[in-house]
Amino acid sequence: TWLAWAAWAALALGVIAVIYMHRQMRRSRRLSAEQSRPHVGMFMEPHAADWHVIELVVRNFGQTAAYDIHFDFATPLTVPAYENATNGYANVVELKLPHELTTLAPGQEWRTVWDSALDRAELGDSIESRFSGTVTYYERPADARRWTLSRSVRRPLQTQVVLDWETLPPVQRIELMTNHDLAKREKQKLELLRGLL
C-alpha cells in the first residue's frame, strides 16, 4: 500500500512539475516576444539649437522594426498659419502629418517642427494645447506571412499618446550677461551712433 501511495505521489508531483515548467516556458516566451517587439512612441521635444522651437518626434524604442505606422487623434494637431497672418492674427490650421510611416528601424525616428513655444504662448487659449491619440503599428510588413494552424496573424500594436503644451518648460528664459558681454553691447551701440553721426 505504501508503495502504491508513493507511486501516486510521485506521479502527482511529476504532473505538477510539468504544469509548472509549461507555465514558466510560456511566460518566458511571452516576455521574450514583448522585449523583442517594436515600441513606437510620439512626444514633443525642444529643438537642439532653438530652445523655443518644439518638434514632434516619432521614435521606435524597440529592438525590431515597426511597420505601417498610423496616427489617430481625437482632435487634430493644430498650428497657427504664420505665413498667412494678417494684422498679427494667424488662422489655426491642422498640422500636416504623413498619412503613414512605412518603416521605423530600431532607434530610428521621424521628426518635424511643430510650433514655437513663444508664439504659442502669445495665442493663449485661442489654440488647443492638449491632444490625445493613438499610434498604431505592426511588427512585420503587410506582405510578410506567418502562418499558424488556421490563419495568418498580424496583430496591430498601439501606444496611447498625450501631447500637452502645458507640460513643457516655461517659455521665458533669463539671459545672464557678464561684464564682457555688457561692454561688447555698449561698444556696438557706440559704433552705431558713430555711423549715424
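Analyst: The account below begins with the whole chain, turns to the sheet, and ends with a surface patch. The model is a predicted one. Its chain contains three helices and nine strands, and these elements follow one another from the N terminus as α-β-β-β-β-β-β-β-α-β-β-α.

The open sheet is built from three strands in the order 1-2-7, with antiparallel pairing. Strand 1 (40-46) and strand 7 (109-116) are the edge strands, since each of them pairs on one side only. From one strand to the next, the twist averages 20°. Seven bridges join strand 1 to strand 2 (residues 53-60), and the two pair in the antiparallel sense. Within this pairing, Pro46 stands opposite Ile54 in strand 2.

Helix 1 spans residues 2-36 and includes Ile19. Together with Trp8, Leu11 and Val15, Ile19 forms a nonpolar patch on the surface, and the four have about 430 Å² of accessible area together. Ile19 counts as partly exposed because its relative accessible area is 44%, a value between the limits of 20% for buried and 50% for exposed.

Some totals complete the setting. Of the 197 residues in the chain, 25% are buried. The chain exposes about 14,600 Å², of which carbon and sulfur atoms supply 56%.

Definitions and conventions: Residues are numbered from 1 along each chain as its sequence is written. This is a predicted model: local features need pLDDT of at least 70, side-chain atom pairs count only at pLDDT 80 or more; totals for chains, interfaces and linings use all residues. Side-chain values use heavy atoms; hydrogens and water are left out. Helices (H or I, at least four residues) and strands (E, at least two) are DSSP runs, numbered from the N terminus. Buried means under 20% relative accessible area, exposed over 50%, partly exposed in between (1.4 Å probe, protein chains only). Accessible areas come from the Shrake-Rupley method with a 1.4 Å probe; for residues, only the protein chains shown count as cover. Patches are made of residues with over 30% relative accessible area and no salt bridge: like charges are joined within 9 Å, nonpolar side chains (Val, Leu, Ile, Met, Phe, Trp, Tyr) within 5 Å. A salt bridge is a side-chain nitrogen of Lys or Arg within 4 Å of a carboxyl oxygen of Asp or Glu. Two strands pair if DSSP finds at least two bridges between them. Axes are lines fitted to C-alpha atoms, for helices over the stretch in contact, and angles run from 0 to 180 degrees between N-to-C directions.
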